[in-house]
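Please open the structure in your viewer and keep the selection tool at hand.

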Amino acid sequence: MVGPQYDLLANPLGAVRLTFERAMAAGIAAGPYSASDGKDWGAVPLFQDFLFDHSRLSQVPILNHETVKWIGANTLVRYRGMVQDMLGNEFYVGAHKVGSVWKTNKFSDHSQFPMDSSCESRVWERRLLYCVPVPGLNSWAEPTWDGLQAHRPVDFTSPQRDKRPRMDIEEEASGDGSSEHSPSLKKMREDGHPSTSSQCQDSMTVESCHQPTMLADTERDSLPCLVKIYDSPESDLQLNNVFEFIGVLTFDSDIPADKNARDDFSSSLCDEELVRLPPSKVPRLHCIIHRKLELPDFLCRSPVIEPNHHFVKHIREALLKHLTTIFGNDGVVAHFVLLHLLSKVHARLDNMAVGKFSLNLTGLSKESVSVFGSQLSIALKNLLPLTNFIPLTVGYLNRASLAPKKDYQLNRLIPGVLQLAEGSHLIIDETQLEAGTLNSVGVENASLLKDLMEFQKVKYDFQYYSMEMAADIKLLILSEGKSNILPADIIVPFQPSSVSSLEVVDAESLDAWRWYLANVRSLEHTIQPEMQKVVENDLVAARQTDRTLGSQEFSRWLTMARLISASFGETSLSLEHWQMAKELERLRKERLG
Amino acid sequence: MASDSSPAPTNGPSSPDDQASSPIGNTYSSPTASGRNSRRRRRSITPSATPPAHSRFAASSESTPIPNTNPSRSGSTARRGRHPPVSTPSSDGGPVSSEAGGDYMDEGSVPTFVWGTNISVEDVKGAIQMFLRHFREDDSSSASAVFEEGKYMKAVHKVLEVEGESLDVDAHDVFGYDSDLYTKMVRYPLEVLAIFDIVLMDIVSVINPLFDKHVRVRIFNLRTSTTMRNLNPSDIEKMISLKGMIIRCSSIIPEIREAVFRCLVCGYYSEPVAVDRGRITEPTTCLKAECMAKNSMTLVHNRCRFLDKQIVRLQETPDEIPEGGTPHTVSLLMHDKLVDTVRPGDRVEVTGIYRAMSVRVGPTQRTVKSIFKTYIDCLHVRKVDKSRMMTEDPMEVDAGSRKTEEDAPFDESKIEELKELSKQPDIYDRLTRSLAPNIWELDDVKRGLLCQLFGGNAVNLPSGANFRGDINILLVGDPGTSKSQLLQYIHKLSPRGIYTSGRGSSAVGLTAYVSKDPETGETVLESGALVLSDKGICCIDEFDKMSENARSMLHEVMEQQTVSVAKAGIIASLNARTSVLACANPIGSRYNPRLSVIDNIHLPPTLLSRFDLIYLILDKPDEQTDRHLAKHIVALHFENPESAVHDVLDLATLTAYISYARKYIHPKLSDEAAEELTRGYVEMRRRGNFPGSSKKVITATPRQIESLIRLSEALARIRFSEWVEKPDVVEAFRLLEVAMQQSATDHSTGTIDMDLITTGVSASERMRRENLVTATRNIIMEKMQLQGPSMRLLELLEELKKQSPGNEVHLHDLRTAVASLATEGFVVVHGDSVKRV
């Protein structure tokens, strides 16, 4: 193990290169020819071991708009983001020969040694993903880093940084990077590689980050990142998935810095997307390890709870009470909202998304929305990691770009409001909607929302054709009457009996609720044969008495039954919960009149 | 283009030194490092025991027993590292200049090899010469064909005649003639194509020594085509072919090939300076011995030679994108004639050489970045059919000219598979089962939909009359009978399917719309759903909710297959050769079996009669079906639904099957089938004649016979049969009858009555009404005087009931009867009072 020799945090590339050389020397790779595809030679397990087995993960700095200002290049960082666009593959010189020794360029932009055009080398391949911070991520769900407190003050006062001159391109390229570092970085590095490649270009970004001009699609305080993926199958990383990427941070430019000097040919062949993603604004991350994040992974402090039924039931009661308070003592609505929050698409068949449970709360006027709606959205923000809100007006529909759209000039997928991560929650406030004319954009947007409600799919506009992307978004519609524009699975008239101010929730129960909502929904669920019989008989009987009942209603009942059962932490449908589902449905029907 | 690597003959083709010395900055250079080491080839003299290459047979035999050669790429690299390139006599001798390959044998038995490979230049040259001179299209050539010129010799002559600049060579031909040459060409395109060009120029100069244009070879139709996703470093510098869609074209870039400089001091013109390493160095001093002025040379633009260049971006086609991915793109470099041959939105198949270019750190530095930009140097571009499911219009009779050059989108193995499938005896049932497998029952409806997907043959008579081949279907039924799901499913499956809801679509949305550009005032035709689904299926949900306007448009679409737009001074007739699949809900939420279809869905009979098949999907209270439904839904929620499907074709196969049939199968009526059709039709008509009664019920109309023909053609297509057989006709009759029985059965008599569809009134009903009119007339004659006092309708009703106690007479029936009397001028009606005149 080379582990102890290297500070994997401050000098990950040193470790990468050393393992490569050792692998080569040991003949494991048996010459570059067998390793010509650049498959891992043992560097990744080293990091895996270091981060997870020794649980050093929390020591890895998190890359965000704050920390990017002072995190050093070529250090190990963590970045959480959603794959917003894929920029294809990139070929690079993976290994080349210096003298008689093979060196690798994996996980870096530059060669650490000057590369002569005549030297032997191998071409490897990596994937480029454009990632953005997860849309709708609530502040409490952001990851924490142990070192945050310790490092920030030091680096901001570091006088050296601001004075550093811009690096000469020559110097940068020649890999003469072992020059000065900020003191903190020096301290962190126990043993630098003799000639680590350019580690200090970050100094450039300190200034440039403060420039007010930002990309149109990047907000001031969100940091997109160009992640370079090595050695993982394409199916692993899909659009809109959320990942935590751990890898080497670089600010290095893929394109010549001097624009005027580039000849026409290379500039027009150059992927323009890269031109528009200056490294100063979009840092590069050479991913060593990535892991997919599901909703439970957003909880920082997961309470140590044995998922026993009693405890789950206890949390459920408390949460239901909390929801009931928010909804002005309307218990039925609280029940439905709870089920709604636990829903997820668990299967797809043809066009059907089984398990979706969109909810339409009716009986809300403009006035009452300001009371209950805002309370609700605050409460949900506290409970769910990913929440979004759309105030639906004619103007909004006519103007907003809901669907992501491919811009062939930029060769980028321009994000739309509905490009959301799996498991996001979306409130659509329809009470503001007045009569008005929809233009073509509006009609398109309305049908997008409708498709999302009905099939949990979003059509991405690729100009010459459109592509449907599966989504799993929980939709809650607040409206005055039943919304026909947005046909929800369940319509519940909202009947509050009191208005209560927001109660203060202690952190402990909040944590428990978050844990509950994130985890319970992913429980497996089955049905016993005898229970199946009961349900079937009930359905047949119901249909015999009421011919208007169809597969949609039955589907809804079963979804409700499943969710009720899950809300108790059960994995198998019981008669009791089936009865509860029917009772809840009866109460709802009663309200609908 | 191989232009870069096939420099003018003066340099010697792909002269290795040229390659070797190519600098980093050379835009044409292969990826500096890797390309260099892994792919750079030089001709080196190898003391091999290879027999001298006399013929292509020698060439192919040579490929195996080469000494020192490790055919693998990496092997060659390894060797390269250790052995510096052996001296290459080729560079001075110009081995492949204009001599024939045979000359080399004279030099001794030392063949020249492409560096780092076992490819002998002479062998390749010989093979190419053989190919170009002797390849003939049909290998089963008769004796006479031997004396004819080969396919490509003819083509060369043609090129010379039109003074063309390129010769298209089908790679399949190369493979068929000499598979070894093909392999070499694909693996080492730069070198082999250069030799190809040389050989071609030799041939050209033999035919016409004065021909001065440079004719190039364009290879197309490679045996294997790759996908953009599968491109990887090992493809670099190989010949590849891939399909995609053009998304962006750059403007045309003139690229300098030769520059001429002039001295500002003495006016001396330099010799043309060729492009070297992607750039031209300006002479620092005047070359004239007497002048020698420093920094005096200036470029003379109009004496330089330029070449058109264009950079085009290709994006992979939607069907190649895996789930959860976004499309990949790749840059194409087009030269010369290829410039401006494609436009954004075109689907093309590109043949070219995959290349990678290193990125320099700075303009003046030799150091390169570790990243490559990749692009495809285009050799040939072929446009592919634009439609979404590759449905070349099966109905287009006059498409012959286009068809020849259009693609064969199915590869042979797939076709075999489909044909195998079509031979199965139960293919019809199997396809029916595969159609919307999670909607159970409704088998006959599914069969009808299947026929619609396959479609009949359209006939365009020279006289201008044409008969549509599209089958239109209407589904009427109770809510909750999965009509919409069927529609959605068909929409997904069908070529160019358009799904629209009657409620939301205006006439404009469904058809076409003329809009005016607010800025320029230009009028633009915007196609609506029906035009967009030309040659496809237009699925219209909630047909009954559609506005009158939109519906009236449908009349034209469904019979004439065109949409006429007359707005803003433009009268346009747009093709809308669409099958319409519509579904409608009955007026009173549930279907009333006592009323006719027309009364139930309130659609004008004229429109209704244009549907070939009308299915009633009624929800019969049946515990068995309910149980089935309940089971299905429970299973859907608690089991893994994906695993539940069995013995059905997957969607992709189904789509391929249908598009293949639509494209290639054009069944004709066999005599037997025609006879059966006539017999069956007469039979159907006869059923309306009840013996001993003058009552005439129309049980079939000429429209039905057209429908029957279409249906039987579709059924033959399902079997991939070129002939419509008798069983097809029988099944077509059955399908029609099933559909008509449901929708056109006169419930009072139990017979099929087409009048129900065509007029909305059954014959028996009409009879009843006529009787009523007669009775009313009699009563009025009896009870009322001419110009006498008027009578109230209710009184009349009383009288009628008195006269015929057995007959149930309703007030509104009477009202219609009186109204019809009024039109005869027999009575005058004022509100509720009737007055005889």
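Predicted model: local features only at pLDDT ≥ 70, side-chain atom pairs only at ≥ 80, totals over all residues.

Residues are numbered from 1 along each chain as its sequence is written, while chains are lettered from A and ligands numbered from 1 in the order in which they are written.

Select helix H17, residues 529–545 of chain A. Helices (H or I, at least four residues) and strands (E, at least two) are DSSP runs, numbered from the N terminus. The 17 residues of H17(A) should span 24 Å at 1.5 Å a residue, and the end C-alpha atoms are 25 Å apart, which agrees. The expected span is 1.5 Å times one less than the number of residues. Now colour Val535(A), Glu536(A), Leu539(A) and Arg543(A), the buried residues of H17(A). They lie on the same side of H17(A), because they cover an arc of only 100° around the axis; the arc is that of the directions from the helix axis to the C-beta atoms. Their cover includes helices H18 (551–567) and H19 (575–592) of chain A, together with helix H23 (623–638) of chain B.

Select H19(A) next. Its 18 residues should span 26 Å at 1.5 Å a residue, and its end C-alpha atoms are 26 Å apart, in agreement. The buried residues here are His577(A), Trp578(A), Ala581(A) and Leu584(A). Seen down the axis of H19(A), these fall within an arc of 120°, so they line one face of the helix. They pack against H17, H18 and helix H12 (331–342) of chain A. On the other side of H19(A), the exposed residues include Glu583(A), Arg586(A) and Lys589(A). Just after H19(A), Gly593(A) has a positive phi of about 75°.

**Second stop: a strand of chain A**

Select strand E9, residues 359–362 of chain A. Leu359(A) and Leu361(A) point one way, Asn360(A) and Thr362(A) point the other way, and all are buried. In a regular strand the side chains alternate between the two faces of the sheet. E9(A) pairs in the parallel sense with strand E16 (residues 474–478) of chain A over three bridges, and with strand E17 (residues 490–493) of chain A, also in the parallel sense, over four bridges. Two strands pair if DSSP finds at least two bridges between them. To see individual partners, display Leu361(A) with Leu478(A) in E16(A), and Thr362(A) with Pro493(A) in E17(A).

Select strand E3, residues 239–249 of chain B. Nine of its eleven residues are buried, so E3(B) is largely enclosed by the rest of the structure. E3(B) pairs in the antiparallel sense with strand E8 (residues 305–315) of chain B over four bridges, and Arg248(B) stands opposite Arg313(B) in E8(B).

Move to Val381(B), which is in strand E11 (residues 368–383) of chain B. Val381(B) is buried, with 22 other C-beta atoms within 10 Å. Its C-alpha atom is separated by 9.5 Å from that of Ser241(B), 140 residues apart along the chain.

Finally, select the open sheet of three strands in chain B, with the order E25-E27-E26 and antiparallel pairing. Strands E25 (791–792) and E26 (827–830) of chain B stand at the edges with a single partner strand each, so one side of each is left without a neighbour in the sheet. E25(B) and strand E27 (residues 833–836) of chain B are joined by two bridges, and Arg792(B) stands opposite Ser833(B).

**Last stop: confidence**

Colour chain B by pLDDT, the predictor's confidence in each residue, from 0 to 100. The mean for chain B is 68, and 62% of its residues reach 70 or more. Confidence in chain B is lowest in helix H13 (residues 400–405), at a mean of 33, and highest in strand E9 (residues 329–335) of chain B, at 85. For the complex, the predictor gives an ipTM of 0.72 and a pTM of 0.66.

How values were computed
Buried ≥ 20, exposed ≤ 12 C-beta atoms within 10 Å, placed from the backbone. Contact = placed C-beta atoms within 7 Å.
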